[in-house]
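Here is a short briefing on one protein model. Read it with the sequence and the coordinates open.

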Amino acid sequence: MKKLFMKLPDPIKGPILRKRVWIDESKLDRTTFKIADTVEELESAYRLVHDVYVKEGYMDPHPSKMRITKYNLLSKSTTFVGKHDGRVVLTMSLIPDSEHGLPMDSLFKSELDQMRNRGRYIAEVGNLASDPNFRNRNQNVPTGI
């Protein structure tokens with residue numbers, strides 16, 4: 001079934017996927033979405049990413065209990081958080097292309113270089129994580145706590 005679905009054109013796949021994602025917006029009343037702009041918000045975001053990535057098997061535990069890469073330290077990288085009652089429960093980072101490249105260069109450098117050579121502006125979204133208690137079933141869809 002999955003193979004058949006993947007063969008569908010994007011204009012058909014998109015609406016089908018969007019119908020499968022349901023967010024109960026009433027449960028987001030006490031949730032704010034913002035750029036992380038304090039040390040505490042950044043630390044909370046990087047701890048959340050660490051804990052989720054370790055639990056999912058994407059990385060081994062780090063002594064700092066945070067997942068921070070060189071890309072997070074770049075001046076134009078931005079970390080966004082979702083805070084529920086003041087606690088970081090969702091996070092993502094936007095990493096614009098720079099002289100340091102992008103994390104996905106390790107897998108797709110030739111394809112990315114082709115886009116760069118055509119003058120395309122590219123960026124990568126990463127550090128996607130949500131608190132397990134803030135998910136709808138086992139999906140990373142916010143539902144409220």
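The points below go from the whole chain to single residues.

This is a predicted model, in which local features need pLDDT of at least 70, side-chain atom pairs count only at pLDDT 80 or more, and totals for chains, interfaces and linings use all residues. Residues are numbered from 1 along each chain as its sequence is written, and side-chain values use heavy atoms, with hydrogens and water left out.

**Overall layout**

- The protein has 4 helices and 6 strands. Helices (H or I, at least four residues) and strands (E, at least two) are DSSP runs, numbered from the N terminus.
- Along the sequence the pattern reads α-α-β-α-β-β-α-β-β-β.
- Of the 145 residues, 34% count as buried. Buried means under 20% relative accessible area, exposed means over 50%, and partly exposed lies in between (1.4 Å probe, protein chains only).
- The protein exposes about 10,200 Å², and carbon and sulfur atoms supply 56% of that area. Accessible areas come from the Shrake-Rupley method with a 1.4 Å probe; for residues, only the protein chains shown count as cover.
- Among contacts between residues at least 6 apart in sequence, 56% join residues at least 24 apart. A contact means heavy atoms within 4.5 Å.

**Confidence**

- The average pLDDT is 86, and 87% of the residues score at least 70. pLDDT is the predictor's confidence in each residue, from 0 to 100.
- Over residues 138-145, pLDDT stays under 50. The model has 25 contacts beyond four places in sequence for this stretch.
- Where pLDDT is low, the predicted coordinates should not be read in detail.

**Strands around β2**

- β2 covers residues 78-84. Of its 7 residues, 5 are buried, so β2 is largely enclosed by the rest of the structure.
- Strand β1 (residues 31-35) pairs with β2 in the antiparallel sense over 5 bridges. Two strands pair if DSSP finds at least two bridges between them.
- Lysine 34 stands opposite valine 81 in β2.
- β2 also runs antiparallel to strand β3 (residues 87-96), joined by 7 bridges. Histidine 84 stands opposite arginine 87 in β3.
- The hairpin of β2 and β3 has 2 residues between the strands.

**Positive phi**

- Most residues other than glycine have a negative phi.
- Aspartate 85, in the loop between β2 and β3, has a positive phi of about 50 degrees although it is not a glycine.
- Lysine 65 has a positive phi of about 60 degrees, and is not a glycine either. Lysine 65 sits in the loop between α3 and β2.

**Nonpolar cores**

- The largest nonpolar core has 10 residues: Ala36, Ala45, Leu48, Val49, Val52, Tyr53, Met59, Val81, Val88 and Ala129. Helix α3 gives the most to this core, with 5 residues.
- A nonpolar core is a set of buried Ala, Val, Leu, Ile, Met, Phe, Trp, Tyr and Cys residues joined through side-chain atoms within 4.5 Å.
- In soluble globular proteins, nonpolar side chains tend to be buried together.
- Alanine 36 touches Glu41, Leu42, Thr79, Phe80 and Val81, not counting residues up to four places away in sequence.

- Valine 49 is found in helix α3 and is buried, with a relative accessible area of 0%.
- Beyond its neighbours within four places in sequence, valine 49 is in contact with Arg67, Thr91, Asn127 and Ala129.
- Valine 49 and glycine 126 are 77 residues apart along the chain, with 9.8 Å between their C-alpha atoms.
- Glutamate 41 also belongs to helix α3. Its relative accessibility is 6%, so glutamate 41 counts as buried.
- Leaving aside neighbours within four places in sequence, glutamate 41 is in contact with Lys34, Ile35, Ala36, Val81, Lys83 and Val88.

**Asparagine 72**

- Asparagine 72 lies in the loop between α3 (39-56) and β2 (78-84).
- Is asparagine 72 buried or exposed? Asparagine 72 counts as buried because its relative accessibility is 10%.
- The side chain of asparagine 72 reaches the backbone nitrogen of threonine 69 at 2.7 Å.
- Asparagine 72 touches Tyr46, Arg67, Ser77, Thr79, Ser93 and Asn127, not counting residues up to four places away in sequence.

Conventions
A polar contact is a pair of N or O atoms within 3.5 Å; within protein, one must be able to donate a hydrogen and the other to accept it, and residues adjacent in sequence count only if both atoms are side-chain atoms.
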